[in-house]
Amino acid sequence: MPALERRHFLKLAAALGATLVVGCSPARPSASGWRERRDLFPQGVASGDPDAHSVLLWTRRPYADGREGATLQVEVAEDPAFTRVIATAAAPVLAAADWTCRVLVGDLPPAGEYWYRFVDAEGNGSRIGRTVTAPAPDDPRPARFAFVSCQSLPEGAMNAYRKMIFEDERAAPEERLGFVLHLGDFIYEVVQYPEQVKDGKRYDRVITFPVKKFANGKAVANNRFMVPGSLDDYRALYHAYLLDPDLQDARARWPFVAMWDNHEFSWLAWQSIQEFPGEGRIPAQTLKVAANQAWFEYQPMRVTPPGRQITSFEAPQVVDTPVTGFDDTGLGQEANNLVAIDSLIAYRALRWGRHIDLILTDQRSFRGPDPSNRDEIGPLFEGVRFPFFPEALSMQVDSGREFANGRPPAKLSFGDKSIANYRASEPAQSMLGAKQKVWFLECLRGATATWKIWGSSLGTPDWRIDPQNLPPAMLPPDWMKWSDGYAVLSNGDWGGMYHERAQIFDAVRDAGITGFAIVSGDRHSFWAGYAARALPPAAFEPVGVAFVGGSITSPGMQEAYEHGKKDSPLRPLFIADRADGRMEPTMNLLLHHGVRSALEYASSGDLAKAHAVGNPQMAPHLSFVDMGGHGYATVRVDADTMATDFVCIPRPIERSRGVDGGPLRYRVRHEVPLWRAGEKPRMRQMVLEGDAGLAV
Ligand SMILES: [Fe+2]
């Protein structure tokens, strides 16, 4: 390799906190003496964030004999038998990095397939991993990837990965997945100890206890859960998760591209501030740094660690200090908060051939305080028995002084109650923070691939419902009559971030960007539809398409409602209980077609009739909602079309014994032809296999 190129890769590897491996020529048979000892590399191997010329490799080789470090050899080959080894290098593992190892392989040709493994000084070897490099930026061939999220290990089985592997192994080489995009909740930091689990179960799940008890754990939420209290506690989570055979096999088969969501740090946290039910704000700068460090150690991604050591994360010293002063985007100005957040910047962009610019944003580290859970709003809901939040109020509270182009109402009202608009002079909410937003919009405007794919851990579609159409007779006399128009089932993600979401979508429109598509997770359900700033009666003007992938394991809202109160008068909106004990998810119809549709189906069981009484003004942004779907999604793009498949499996309660990951519930495709500037995107839905039930 020319000296200049070598310097480039050396600099890159140093920036990424990785050891550099570059090609040796000619290719030669392995001379490492590798003998597989998976027990000595218990978390397997992984690769991540490939570009057209390099990819990061990862393993963990722990020692328990008191030493501080050891040296492994890494081998990269063009064949799984390692007869054509193209690169080898010594790579350190350190106790200080929890014995994890990050290696950047540089100087590889684009669109290549490679195998890699690690060997210790005694010849003990890791399992073999497979990885690929990205196609060159002008490569016109179609490209494919999968996107996944939410894999609570104590609550379910990772059958989705097994199915993905089974299908990919049988696919033609050109139809195989290039990478797996993981959109967060790779681990769940909230765990339960046996004594915290009532009857051993949660919903349909028998809870297991794969995670070692935290050394510094803390009980939260009325002693319902335990959460980590130290770096070692976060590491213990990754140790346990990566012992899962399906997850480990997936990491060994494809490069992953990972972005965290909330549970990689803390359930209800924002910036470095934790919140738990009933506890208020808890400054947690040290834990935010610990969570970042563990993520860095276990996710081989193109992110830059703090400090100057290239082999380990030099955690900045921070002190847990209350965060009180916030700037106009809600960013806490307290010095330790800023240091903790900046200890690892995970937002980044990747190019994959001619057709994919993938832009990943961080929804947790810069997000401002939630204005809808403030004390001031309490009087509006005093004595009110109605479980939905009005959409109008949700918009006013989100947008603050920006509401209605800078003309917010003086009062916030609900039914016959009103309060002073405490948000009238406050800035709009921000999910991304100022710096990330500038970066994100620049990436979008500068993207030149056919498809500009925004990977967001959080979903963007509105969670709108139309309780104004409920029959009055359905409500108990002491429930307030709903008169305020639409309501929302949730406002915690982009669906309730009206102002900032509109800024992003307006930027897409104003720049004439086509091929804008959002892939996301977190909702533990499958959604397909359009990206639009507003819904009727406002102008509905989609600027792109939006998808939410079902969870790998974590229980969704359907499962929760199945176990909810059977005698609630509103139950038929969510679940229809049949005489034979079956429970049907009318909530899919509720979100997609409105209350009349859900109630019609609950009483008649006739889907055509239910669709016929739907409210077409309520959710033109949706074409598919399955609140009980689990599995994964795949995306295939070329110069003309984006095809997104939802691969849905049965509720993953037990590990499937088959090599195919078990049965399929359905495979549904949403196909979007590339549109031209000024045109609206249109999607076509196809049920390729199985039965999507009430989701369509
Ligand atoms: Fe989740």
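Predicted model: local features only at pLDDT ≥ 70, side-chain atom pairs only at ≥ 80, totals over all residues.
The buried positions of α2 are N159, A160, Y161, R162, K163, M164, I165 and E167. The helix itself covers residues 159–170, 12 residues in total. From its first C-alpha to its last, α2 reaches 17 Å, which is close to the 16 Å expected at 1.5 Å a residue.

Two packed helices are described by the angle between their axes and the distance between the axes. The axes of α2 and α4 come within 8 Å and cross at roughly 40°. Because of this angle, α2 is oblique to α4. The crossing of the two helices, α2 and α4, is left-handed. On the α2 side, the contact is made by N159, Y161, R162, M164 and I165, and on the α4 side by D246, L247, D249, A250 and R253.

In soluble globular proteins, nonpolar side chains tend to be buried together. In this model, the largest nonpolar core has 191 residues. Helix α5 (residues 285–298) gives the most to this core, contributing eight residues. The residues with the most contacts inside the core are V76, V103, A146 and V180. For V103, leaving aside its neighbours within four places in sequence, the residues in contact are A18, T19, V21, L56, L57, V74 and A91.

Definitions and conventions. Residues numbered from 1 in each chain as written. Helix = DSSP H or I, 4+ residues; strand = E, 2+ residues; numbered from the N terminus. Expected span 1.5 Å × (residues − 1). Buried ≥ 20, exposed ≤ 12 C-beta atoms within 10 Å, placed from the backbone. Core = buried A, V, L, I, M, F, W, Y, C linked by C-beta atoms within 7 Å. Contact = placed C-beta atoms within 7 Å. Axes fitted to C-alpha atoms, helices over the stretch in contact; angles between N-to-C directions. Parallel < 35°, antiparallel > 145°, perpendicular 65-115°, else oblique. Left-handed = near helix turned anticlockwise from the far one by under 90°.
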